[in-house]
Amino acid sequence: MARTKPSEQLSRAEIERFLAAAEALHKSIVGPLLAYRGEHYQALRKVHGPLLKSIETITGQRAKFIQWNGTGPAQPRDKPPG
């Protein structure tokens, strides 16, 4: 019986399933209207960063389902030239 070597990357179909699940998780994180000083808000914020980072790592780009025009999480700004 031959052993199959595990893949090092997700297939296109697996990436699509991952993105659908990530979008659902993102919506559950940003959906509740919580006071920013509250314990639940802070806990959700802590899980949101790694979720967004994993999307970038897996897909090579930012999550397309997030509005990055100021309605999404704050992003670090590039330093101005000069």
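Predicted model: local features only at pLDDT ≥ 70, side-chain atom pairs only at ≥ 80, totals over all residues.
Good morning. The expected span of a helix is 1.5 Å times one less than its number of residues.

Helix H1 covers residues 12-30, which gives 19 residues. From the first C-alpha to the last, H1 reaches 27 Å, close to the expected 27 Å.

Which residues of H1 are buried? They are Ile15, Ala22, His26 and Ile29. These four lie on the same side of H1, because they cover an arc of only 60° around the axis. To count as buried, a residue must have under 20% relative accessible area.

What does this buried side meet? The buried residues of H1 pack against helix H2, residues 39-59. On the face of H1 turned away from the buried side, we find the exposed residues Arg17 and Lys27.

I now move to the second largest pocket. About 160 Å³ of space lies in this pocket.

Among the lining residues are Arg12, Ile15, Glu16 and Leu19, together with Ile55, Ile58 and Thr59. The lining also includes Gln61, Arg62, Ala63, Lys64 and Phe65. Please note Ile15 in particular: this residue is one of the buried residues of H1, and Ile15 also lines the second largest pocket.

How is the lining divided by class? There are six nonpolar, two polar and four charged residues.

Note on methods
Residues numbered from 1 in each chain as written. Heavy atoms only, no water. Helix = DSSP H or I, 4+ residues; strand = E, 2+ residues; numbered from the N terminus. Buried < 20%, exposed > 50% of the residue type's maximum accessible area, 1.4 Å probe, protein only. Arc of directions from axis to C-beta. Contact = heavy atoms within 4.5 Å. 1 Å grid on protein atoms, 1.4 Å probe; cavity = no way out; pocket = protein on both sides within 12 Å on 5 of 7 lines; lining within 4 Å. Points joined across faces, edges and corners; volume = space filled by probe spheres on them. Nonpolar A, V, L, I, M, F, W, Y, C, P; charged D, E, K, R; others polar.
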